[in-house]
Amino acid sequence: MRSTGPVRRIGRLFMATTATAAAGAITALGLAAAPAAAAPAGTTAARPGDACTAADLGTRHPYIKTTEVSPTITHFKGWYVTEGTTGQQTVSTDTTTVIAVSVGLNDTIETSFAVEALSNVKATVGLDVKLEYTSTSEESNSVTWNLTQPGYYGFYKGTKKVTGTYGSLNCNRAQQDDGSWALKWTEGPGSGSFTTFTTLEEGAVRCQDSVPADSIMARAQALLDCGSAAAKADHPAGAVAPTAKQKLDRPAPHPAPTAGTPAEQPTATGHSTRAALDCSAEAYKIAVPGKPLSWGAPLLADDGVRLRPSSIFSAHLDNWRLCNVTEQDGVLEASLWNWGNGGCATVAEQNASTERAVLMTVPCAEDDLQRFYIYRDVPGSPKIGVQNKYTGSMMGYDRYADGEFIRQYSSGRQDGTGTFDLTAV
């Protein structure tokens, strides 16, 4: 490990205090002025610029940036009905479009962040959309309908496909026009696209039927390709061979859902080489505010970071240095090197998409799984929230207890247990 002159000043900046918050620009780790109270966040979904509190530093929320609703036919079959064959018909349709629920590249929708994102979509578009993983291909393709007149029918199932983009909001300090500081929801790393859909509807429609424009039924009627020779020809009762347009709309094979990491996240690399880090000379504790337990690194490689009491017997396992520190838009990014075991904090690659995965330490490497964003309270307060760069999840713990693991939570811990104190040793 090595320290350079500019980085060595990080610790002194953390401990500095000044008379007012307006005493110049605050540098990378400056915690400089008296705390300012933030207004409580509203009960509605957070939006960029809304007020948040110190308890929100360890949380993360999605917000919906764009939405698009499009009626979509998922199953279809052309069917000809002659005199004497009217009445109730049950038809097995062909799959035309497969819609799968997803947030980013994660189709499992098992994390609180993904569920909250889809709930926000539901509120935004005012439709009862799917909030868990499912696919239209899992629906029965059978359609039963009562036909009262002969003719060329399209039996269909369809839905309203809802797509769009989302952003990620984190609580962080922001300087006001008058020089004071406040905590606000700001757009952080972690954006992507989503897909979901409403309940499937089914029916049968003819070319000559009058239907609402841009409806699911209208989309089915368009698939009949009413101007084609196949549509105009007489047929025996029963299924009609697909028209050229219907063949064109057939879907490509749909890949099985995966539990991959979100598309917006950086790429993880192997741990084969040790990175040369520029670390602060000062060490810090990452502690539970107002309580004695803090992050303690493990001695054993297969153990995780736990809440531990700090004492003369801690062997520096409770001491962390911030390395390769950068800052963008007021958010710090750093590797967390442990003085006691010489490893860097990380989420194991095989557990990157797992909710409540345990924070570990491994040999330091150039790896985004070992990089963390640090969100800070107003200057003068040591409170922070910690987010893994690769997974996007916030660090927290299930309960306050000696030996409790530090874990990742996609939306953080909403009870405030993801907010920590970063204090110089």
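The model is predicted, so local features need pLDDT of at least 70 and side-chain atom pairs count only at pLDDT 80 or more, while totals for chains, interfaces and linings use all residues. Residues are numbered from 1 along each chain as its sequence is written, and side-chain values use heavy atoms, with hydrogens and water left out.

Let's start with the whole chain. Its secondary structure comes to five helices and 21 strands (DSSP runs numbered from the N terminus: H or I of at least four residues for helices, E of at least two for strands). Of the 425 residues, 50% are buried, meaning under 20% relative accessible area with a 1.4 Å probe, protein chains only. Among contacts (heavy atoms within 4.5 Å) with a separation of 6 or more, 70% join residues 24 or more positions apart.

Now to the largest pocket, with a volume of about 190 Å³. A pocket here is an open set of points on a 1 Å grid over the protein atoms alone, where a 1.4 Å probe fits, with protein on both sides within 12 Å along at least five of seven lines; lining residues have an atom within 4 Å of a point. The volume is the space filled by probe spheres set on the points, which are joined across faces, edges and corners. β7 (181-197) gives the most to the lining, with four residues, and β13 (320-328), β14 (331-338) and β17 (371-376) each supply at least two. Among the lining residues are E187, D329 and Y373.

Finally, look at helix α3 (residues 216-223), where I216, A218, A220, Q221 and L223 are buried. Just after α3, D225 takes a positive phi of about 55°.
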